[in-house]
Amino acid sequence: MAIDTTNDAQLTPVMRQYFAAKEAHPDCLMFCRIGDFYELFYEDAILVSRELQLTLTARDKEKKQPMCGVPYHAAEVYLQRLLRKGYRIALCEQMEDPKTVKGIVKREVTRVLTPGTAVDPALGAGESCWLASVVMVKGVAGVAMVDLSTGEFRATEFVGAGAWALAVDELGRVKPAELVYASGGLLGASGSNRSLKLGADPTQVPEAGPGAPSSVDDSDGAGLDGIKTKSAVEDWVMTAEHALPLLRSHFRVLSLDGLGLGGHEAAGVAAGGLLHYLRQQKQGALEHVEAVRFYERSGCLELDAVSVRNLELVEPLFSGESAQTTLLYTLDACCTPMGKRLLRATLLRPAMGLGEIEVRLDAVGEAAADLRRREGVRRAMNGLLDLERLLGRVAMDSAGPREVLALASTLGCVPRVVAAVGMFTAAKWMELGAGLDPLEDLHEVITATIVDEPPVTFADGGVIRAGIHAELDELRELSRSGRQALVAIEERERARTGIGSLKVRFNSVFGYYLEVTKANAKAVPADYERKQTLVNAERFTTPELKEYEAKILTAQERSLEIERRLFSELRAQLLAAAGRMRETARKVAEIDLMSCFAHLAALRGWVRPVVEEGCALEFVQGRHPVVERRMEESGAGRFVPNSLYLDADAGPSLLLMTGPNMGGKSTYLRMAALLVVMAQCGCFVPAERMRVGLVDRIYTRIGASDNVARGRSTFMVEMTETAAILNTATNKSLVLLDEMGRGTATYDGLSLAWATVEHLHNKIGARALFATHYHELTLLADRLTKLKNVRVTVKENAGGIVFLHSVEAGAASKSYGIEVARLAGLPNGVIARAREVLKVHERAESQQVREAVAEPAGKVQMTLFTPLSQRIVDRLGAVEVDSLTPLEALNLLAELKREMKG
Ligand SMILES: Nc1ncnc2c1ncn2[C@@H]1O[C@H](COP(=O)(O)OP(=O)(O)OP(=O)(O)O)[C@@H](O)[C@H]1O
């Protein structure tokens, strides 16, 4: 596609405009408005035609200029599809009316749409659309994120050696639609070997073409891989000198302290950098982004991205699977979009403060016990639309009259919520109810300004109520009387001319005219002035008609102008109260969440957990909330409740779990974590009884993850995750390790699992659940006092094994792996042979392991799993010792020795 863009003579004027726009926005797909279409050219055209299945055409005669287009009116759908795929888009609009301009119209890029800034209308009610940024300032990693659909803006930072990894992890949890970073990599990262390893220009992806989701090499964690769109800004943007003053001026504060960001320079730079990016993208005045909140991950039960994934808190483990496997789905009985979003946020950041959890549990308890009042609150919230998002649309000036009225109807519900909450007495309800601004004034001002059933757009007016603005009323009256006069003219002229079909009509090009059919044209009086001749009709005007036309049109134009002005005044008034509305939205979200928890507790018979200081974790007859519900819904039988007792101080602190595949080990492990998450969110739990000493962090190392697809081996991922656990877990943590070590050679895996259990038990003392198929590990119970063996039970019968799914004390006697393989349909011959091989191995190993356990820890590694020559083992295994003569025994020994040497 060699085209000399520097040779102007080759280019048409439109193409010159196109290239100028493209040069200014090289990383965007350029949607160029030409008449009723948005057209794309060259690489953009090829790429978009492929992505959207559009027909590719050529603009010039030589067919060298690929082009494709989408109709202007239907563009929204196409734009959203490209944004969802991670592309950036620039809209190059016609700045003049082609009708009024001779020659070429002016064109300019008026908006840039990116996945993180263009709010997707299909965004689920409970979801957020985050635009995030990350920066490294003097060894501190800053992360900021903003959701333009609601105006929520937060920032945080991480310090120390693992700062960058933590920042990446945080991004992995938040899953932003777009990430902004400094193009030169991480500022101030020198001295640390962590770097973003960015290509020279990540927008230059030759294969995919311009605007394509750029790739940022992320070898540091899974967090950045999932972010499709990464947008570079120049290095100077992400500096304290530039970003902090920007932040201060946007929020009109003198110092960062005023924003709660005092002493958090990296978070401030990340936030300021985001603001810069938004301005660069022409995202308007951002009036609804009115505060930035600093948050700390350490203030809550920490869940890293791996655990959030493994536990399926908010998303299914494998994309594409039904969301019904998530805790979020199971707990979502919220009535409002704000409540749904808060539920998601709460699950990702359960509380760590005892006081906070207690007041929530009190509130949930009171509402759970009182059906009438609980339903009162929930019913009052019915009809509450997404206050935050409506407000966001008002701020971004994309709210039409109907949206503003919807905002009013939502505000109209608030007083009912206030009253309903006022019926409760628990401290949390009192606090929420007392502080809830009913916003009646705002409701009033909207309903007093806008008519009951406004049109969708302003095109024809009729949005503002009568009686608000004297001049508007007058003008409306004028245009109404004008129109009546026209009707009168029509009647009079019919009578005068005797043409019964004569009509007064209007169109936007010719204004008002008298229309007469061709057949009647002869009867037209002399004072008619011809305007236009059609095939079947003639159109005329008269001085009188012109006069009324001018009157009506000016009145209409003027009244539209006034309506627009009044509407924008209303908008300004609403925005001035944005803070109050946001605060109300925040409280409504909390009320919704508390009553959702109460509703679930009552409906499902969940109980209040005892949350305390200390290091115990105990539940009696616990059930996995998600699996139980799914089993109920699918009629797949009843979930078998199980109990658990752990105490990091007094022991047992570590449960070593054995039992057959499919026995329910993973389910038990996950259940423990989910119940802790729920309890610390302030939710009741599916158990007969539960007691938990505050958990500071949950670690999970469960199963294989799909990281393999990202180029890291399963074993490497497993070890990286295990390393993170062993390096950072505390005695307040809960650690879940499922089938650790299985990704490598048996002996390596077993040794690593062995040493890990010892370290967890001796050095960390965290509450831990360790599910394993290495039966050898169960022998550790003899040496490690706080380790307890538990097993999932099976029943053996003639036909094979039956899973009972109940957990009891003790080690599993055998692994049943072969039994499960048989159930899976492995050929009988393979099963029989596997049994033979197994027997030989079991005999050889059991004795060795027994000896090894007796050894002090240091020596264990030396002797325990040194593999013996399989042939020697087999020979020994086959020997009938009783029938051997002493001489034969000596000969055998000598022979074996020779073999070993050889
Ligand atoms: N307590 C229970 N009551 C009823 N069904 C259960 C229970 N626990 C687990 N199950 C069911 O048993 C099946 C296997 O459970 P799970 O994956 O936890 O087994 P596992 O022991 O971890 O297996 P593997 O070792 O192969 O990973 C699942 O389909 C699960 O729904």
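Biologist: Which residues does L675 touch, leaving out those up to four places away in sequence?
Modeller: L675 touches F619, G622, V685, A687 and M690. Contact here is C-beta atoms, placed from the backbone, within 7 Å. Bear in mind that this is a predicted model, where local features need pLDDT of at least 70, side-chain atom pairs count only at pLDDT 80 or more, and totals for chains, interfaces and linings use all residues. Numbering starts from 1 along each chain as its sequence is written.

Biologist: Nice. Which residues have the most contacts inside the largest nonpolar core?
Modeller: L675 is one of them, together with V364, V417 and V676. That core has 134 residues. By core I mean buried Ala, Val, Leu, Ile, Met, Phe, Trp, Tyr and Cys joined through C-beta atoms within 7 Å.

Biologist: And which helix gives the most to this core?
Modeller: Helix α18, residues 578-604, contributes 13 residues. Helices (H or I, at least four residues) and strands (E, at least two) are DSSP runs, numbered from the N terminus. There is also a second, separate core of 78 residues, with F31, C92, W130 and A132 among its members.

Biologist: New topic: where is G659?
Modeller: G659 is in the loop between β21 (654-658) and α20 (665-681).

Biologist: Why is G659 called buried?
Modeller: Because 28 other C-beta atoms lie within 10 Å of G659; the cut-off for buried is 20 or more, with 12 or fewer for exposed and partly exposed in between.

Biologist: What does G659 contact, aside from neighbours within four places in sequence?
Modeller: K665, R791, V792 and A812. K665 sits in helix α20 and is buried too, with 26 other C-beta atoms within 10 Å. Besides G659, K665 touches M657, D738, A771 and V792, again not counting residues up to four places away.

Biologist: What about the sheet: how many strands form it, and in what order?
Modeller: Seven strands form an open sheet, running β13-β23-β24-β25-β21-β26-β27, with mixed pairing. Strands pair if DSSP finds at least two bridges between them.

Biologist: Which strands stand at the edges?
Modeller: β13 (302-303) and β27 (800-809) do. Each has a single partner strand, so one side of each is left without a neighbour in the sheet.

Biologist: Do β24 and β25 pair in the parallel or antiparallel sense, and over how many bridges?
Modeller: Strand β24 (residues 734-738) and strand β25 (residues 767-771) are parallel, over five bridges.

Biologist: Last one: what stands opposite L737 in β25?
Modeller: That would be F770.

Definitions and conventions: Contact = placed C-beta atoms within 7 Å.
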